[in-house]
Each structure stands twice: as structure tokens, then as C-alpha cells.
Amino acid sequence: MGTDLFAVTARVFYKKQGRAKYISHLDLVRCISRALKRSKLPVWHTLGFHPHVYLTFALPLALGYESECESMDFRLTETLPMEAVVDRLNAVLPEGICCYAAAPAVMKPDAIKWADYTVTQEFDSVDPDEAWRAFAGWCARETVPVVKKGKKGERVVDVKPHFTLGEPHAEGDTLTFSIRAAAGSAFNLNPTLLLDTFAQEGGARAGWVRVVRTAVLDGNLRPFE
């Protein structure tokens, strides 16, 4: 049975890597819920006829993305060392999902405004330096309109104010660069939307792409905690 008393809201930070990037957010919620049950942690459950674990994710990750900085919140009915929370979860989590820190939640999820990503592309028949110059030039235009899909359908949005590009590194057929993009409930921009729109407008399309989220930041560019 649920109780209306809980000791602390724990915020657990974890990595999602390798094959785990193919776990959808809905399946991830189920996965973590089962892991919490197997961990025997004193997790608070909701009240009512069908009690369930109170579990929230501040910034759900797009399918196919990897991350070094995901977070989830749940409530504990007892005070425990946060190191024990991490260890007990890691003992039951699947390959590719690994907790690395835990602490009482500090910021509210709506504090999130930005996220940093590392994008790696491999090209079959295009020089990576040329691909970068074309993409950077496309992004440097006065406006960067893209089609965003939402619950109310599609709409064209100028995302120029919502991202900045970092320095590139090209080696062989591979291009790597960083991007800081708007994130959170107010506006969220996935880097692949830029890459796909660029390709649709005649730009080079990579044969292989890897996107890794490396930081989640508030409006003052402080790490989400």
C-alpha cells in the first residue's frame, strides 16, 4: 500500500549507451520500474487502488541517442546513503544503463533550458571538411527554418536562436562536432532535425550518425542537479 510520507526525492544520474540507445522512453520507464522493485530500495508508491512507483524523467532522450548525463527522480520512504542507491540499482540494471551518481533533487525540471551534444558522422563519398563547411554555412544563414512535428501537427519554426555549433574535428571519413541546443518543456531541439533538414535541402547526408548528449544545463548554463 502507498503512504503519504516519504523521506527524500532522490535524483539518480545515469548513462545510456551502446544498444540501450534503442530502448524507447516508454520501455525505459518499465525497465527502471522493474529495476527499482528488484533492488529492494524503499521506494515510495502512489496512493489509490493501483499503487505504482513515483518515477519521473526531467528530459526524456530521443530514441537512438546515447547519453552521459540522464537523470530520473523517485521518492524514498527511508533515508539511505546515496552511494547505496547507486550500487543497488547498478546491480539489477541491464547492459548499457549505468548509474554514476545520486543526490537529493535540487532543481526543478523546468529549470532545464539547454543540452550539449556530440555528433559523429561517417561519410561514404564526401570529404568531411567539405561537409562541415557546407553545414556550418547553412546554419549561419539569417534564419534556419525547420518543420517541427507536435501534438497539434506540423509547423515551420526558425531555430536559429535555439542552437550554437562547436568546433569540428575531421579525421578520415569521420566528422565530429559539438552542438548546444535548446532543451526543456518550453522548446526542445534535437540535433538530427537540423541534419535531416540540411540533407533534405541538398546537403550531404552521412551514412552513419551517432549523437551523444553530454550535458543538461539551466538558463545560466549550470549543470542540472
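Here is a short tour of this predicted model, one selection at a time.

Some ground rules before you click. Residues are numbered from 1 along each chain as its sequence is written, and side-chain values use heavy atoms, with hydrogens and water left out. Because the model is predicted, local features need pLDDT of at least 70 and side-chain atom pairs count only at pLDDT 80 or more, while totals for chains, interfaces and linings use all residues.

**Whole chain**

Start with everything shown as a cartoon. Along the principal axes, the C-alpha atoms fill a box of roughly 60 × 35 × 30 Å. Of the 225 residues, 41% count as buried (buried is under 20% relative accessible area, exposed over 50%, partly exposed in between, with a 1.4 Å probe and protein chains only). Among contacts (heavy atoms within 4.5 Å) between residues at least 6 apart in sequence, 75% join residues at least 24 apart.

Now colour residues 11–166. UniProt, in an unreviewed entry, places the feature "domain: DUF2344" there; its positions are given in the numbering used here, feature names are shortened, and annotations may be inferred rather than shown by experiment. This span is 23% helix and 35% strand, and its end C-alpha atoms lie 29 Å apart.

**Helix α1**

Next, select residues 25–39. This is α1, with 15 residues, and it reaches 21 Å from its first C-alpha to its last, close to the 21 Å expected at 1.5 Å a residue (the expected span is 1.5 Å times one less than the number of residues). Show side chains for Leu-28, Cys-31, Ile-32, Ala-35, Leu-36 and Ser-39, which are buried. Look down the axis of α1: its buried residues fall within an arc of 135°, so they line one face of the helix. That arc is taken from the directions from the helix axis to the C-beta atoms. The buried residues pack against β1 (8–16), β2 (55–57), β3 (66–76), α2 (82–90) and β4 (97–104). On the face turned away from the buried side, pick out exposed Leu-26 and Lys-37.

**Two positive phi values**

Step on to Lys-40, which follows α1 and is found in the loop between α1 and β2. Its phi is near 65°, a positive value in a residue other than glycine. Most residues other than glycine have a negative phi. Lys-40 counts as exposed, at 66% relative accessibility.

Then jump to Leu-221, in the segment after β11 (208–218). Leu-221 also has a positive phi, of about 65°, although it is not a glycine. At 43% relative accessibility, Leu-221 counts as partly exposed.

**Glu-70**

Select Glu-70 in strand β3. Is Glu-70 buried or exposed? At 4% relative accessibility, it counts as buried. Leaving out residues up to four places away in sequence, Glu-70 touches Val-12, Phe-13, Tyr-14, Leu-59, Leu-61 and Arg-213.

**Helices α3 and α4**

Finish with residues 128–139 (α3) and 191–200 (α4), which pack at an angle of about 100° with their axes 11 Å apart. That makes α3 roughly perpendicular to α4. Show Ala-134, Phe-135 and Trp-138 of α3 together with Leu-194, Leu-195, Thr-197 and Phe-198 of α4: these make the contact. Axes here are lines fitted to C-alpha atoms, for helices over the stretch in contact, and angles run from 0 to 180 degrees between N-to-C directions. Angles under 35 degrees count as roughly parallel, over 145 as roughly antiparallel, 65 to 115 as roughly perpendicular and the rest as oblique.

Methods:
Helix = DSSP H or I, 4+ residues; strand = E, 2+ residues; numbered from the N terminus.
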